[in-house]
Amino acid sequence: MPSFDAKKITKIHQHLHSHLPSDTALRVKALETILVEKGLVNSESIDRWVEVYADDIGPKRGAHVVARAWTDSAFKARLLEDGSKAVDAMGYGGPASGHLKAVENTPDSHNVVVCTLCSCYPFSILGMAPNWYKTAAYRSRVVREPRAVLAEFGVKLSEDTAVHVWDSTAELRYLVIPERPVGTDGLSVDELAKLVTRNSMIGTDRDLKAGGI
Amino acid sequence: MDGIHDLGGKLGYGPVDVNEPEEPFHADYEGRIWAMTRTAKAPNITIDWWRHIRELVGKDDYLDRPYFDSWAQTHIASMIDGGVFTFAELENGKSETAPLGQVDEIDYDGVLALNNTMAFRFDRPVETTPKFTAGQSVVTNTSGHAGHTRLPEYARGKTGVILSYRDAHIFADDSAKGDEWAQHLYTVSFQATELWGEDANPKDSVSLDLWEDYLNAG
């Protein structure tokens with residue numbers, strides 16, 4: 001049973017701070033070794049998990065969701081109404097998609113997502129979070145000076161465009177639906193999905209390009 | 001807990017590294033610790049107790065070591081705390097007990113299928129009626145407490161508007177103590193000027209998902 005005792009954890013952390021190998025890879029290796037010894041982890045299965053998150057479970061899932069929302073208004077309505085149900089039906093359910101909320105950019109509003117308290121992220125549709133999303137720099141600043149942070153990402157906004165920041169403080173996870181680029185009429189869902197960047201679904205990219213196909 | 005993790009609005013952390021490569025993993029250990037946290041957990045652990053363990057990582061380790069390093073330390077601490085293994089067993093790489101389980105190898109499709117089942121829901125039926133409704137003005141609590149909580153410092157004592165009621169969700173503060181019960185949850189929108197003063201753009205907002213215990217009638 002967990003102790004639920006913060007003082008005990010502080011002591012464990014102090015011990016680990018002094019006794020764990022300094023190198024991160026060795027720390028992780030030590031954990032894997034003892035979990036294998038305990039019969040709780042299978043190293044080959046860990047290899048498969050890494051492959052799945054490198055190949056299948058990543059931003060291309062989210063891009064497919066967005067492209068479908070652009071082309072299918074009934075789907076978009078379902079996505080906005082209950083994001084979890086909509087992505088589940090596409091086979092994209094998984095960690096942190098239990099309460100998925102889609103928020104939509106418009107010509108005069110922009111959405112951007114953060115988790116200031118830890119690093120919550122909709123893993124099952126966007127895959128691994130970029131490192132910058134988890135840094136103190138992003139987490140501290142994007143709630144306070146979102147326009148300055150977005151400018152660093154190359155997002156240009158007029159003073160009249162409202163910026164809405166979503167801080168993931170409970171178990172809701174946010175997906176930004178970027179605006180469909182002009183000049184993409186007639187493209188298929190698969191072609192449109194290729195235009196959707198990971199950052200545009202977090203909100204650190206805005207004006208998607210029609211070209212590149 | 002007013003710890004180092006409560007970063008929203010703090011100054012001095014510098015520019016964001018926007019040129020990071022897009023690959024999902026930048027080191028082998030990142031994928032391995034990620035996978036281990038998916039598949040092997042301390043018995044009866046709650047997500048909120050895990051988050052609290054992470055918040056209790058020393059400030060230098062928390063800020064200066066690689067992100068997944070603090071995950072590794074958190075996961076190790078949670079397992080030592082939960083009696084899965086001891087310091088000595090971790091250090092020696094040898095179990096002093098019989099195996100605690102047996103994990104068969106699963107293939108790629110097996111992982112995909114298993115991952116699909118991991119969309120845990122946090123809403124629970126409750127008998128009480130929500131105190132607030134969409135459009136209502138609310139004021140957040142002015143102080144936090146020593147335990148795990150999800151009302152960040154920057155949003156304390158501030159006036160916002162209920163954007164949406166989100167049903168009753170497991171209350172993080174108590175779930176971090178092993179007491180899982182649900183409480184009404186709301187998305188609350190704050191004007192940027194309310195949070196940051198007149199320097200902010202009056203068109204901008206910050207929204208947070210907040211439990212009823214954090215809120216008072218405005």
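Two residues are taken to be in contact if their C-beta atoms, placed from the backbone, lie within 7 Å. The model is predicted, and local features need pLDDT of at least 70, side-chain atom pairs count only at pLDDT 80 or more, and totals for chains, interfaces and linings use all residues. Residues are numbered from 1 along each chain as its sequence is written, and chains are lettered from A and ligands numbered from 1 in the order in which they are written.

By this criterion, the contact between the chains takes 88 residues from chain A and 103 residues from chain B. On chain B, at least two residues of the side that touches chain A come from each of α1 (28-39), α2 (47-55), α3 (59-64), α4 (67-81), α5 (87-92), α6 (108-116), β2 (159-170) and β4 (205-211). Helices (H or I, at least four residues) and strands (E, at least two) are DSSP runs, numbered from the N terminus. The residues on this side of chain B comprise 52 nonpolar, 24 polar and 27 charged. Here Ala, Val, Leu, Ile, Met, Phe, Trp, Tyr, Cys and Pro count as nonpolar, Asp, Glu, Lys and Arg as charged, and the others, Gly among them, as polar.

Chain B has eight helices and five strands, in the order α-α-α-α-α-α-β-β-α-β-α-β-β along the sequence. Its C-alpha atoms fill a box of roughly 60 × 45 × 35 Å along the principal axes. The domain assignment of chain B gives domain 1 (28-116) and domain 2 (137-217); such bounds come from an automatic or database domain assignment. The C-alpha centres of the two domains of chain B lie 30 Å apart, and their contact takes six residues from domain 1 and six residues from domain 2. On the domain 1 side, these residues are one nonpolar, two polar and three charged.

Strands are said to pair if DSSP finds at least two bridges between them. Within chain B, β2(B) pairs with β3 (residues 182-191) in the antiparallel sense over seven bridges, and B:Tyr165 has B:Tyr186 as its bridge partner in β3(B). β3(B) is in turn joined to β4(B) by seven bridges, also antiparallel, with B:Val206 of β4(B) as the bridge partner of B:Phe190. B:Val206 is the bridge partner in β4(B) of A:Val165.

Helix α4(B) packs against a helix of each chain. Axes are lines fitted to C-alpha atoms, for helices over the stretch in contact, and angles run from 0 to 180 degrees between N-to-C directions. α2(B) and α4(B) pack at about 120°, with their axes 9 Å apart, and α2(B) is therefore oblique to α4(B) (angles under 35 degrees count as roughly parallel, over 145 as roughly antiparallel, 65 to 115 as roughly perpendicular and the rest as oblique). Their contact is made by B:Trp50, B:Ile53 and B:Arg54 of α2(B) and B:Ser70, B:Thr74, B:Ala77 and B:Ser78 of α4(B).

Between the chains, the axes of α1 (residues 6-19) of chain A and α4(B) come within 10 Å and cross at roughly 125°, so α1(A) and α4(B) are oblique to each other. This contact is made by A:Lys8, A:Ile9, A:Ile12, A:His13 and A:Leu16 of α1(A) and B:Gln73, B:Ile76, B:Ala77, B:Ile80 and B:Asp81 of α4(B). The residues of the contact of α1(A) with α4(B) are six nonpolar, two polar and two charged.
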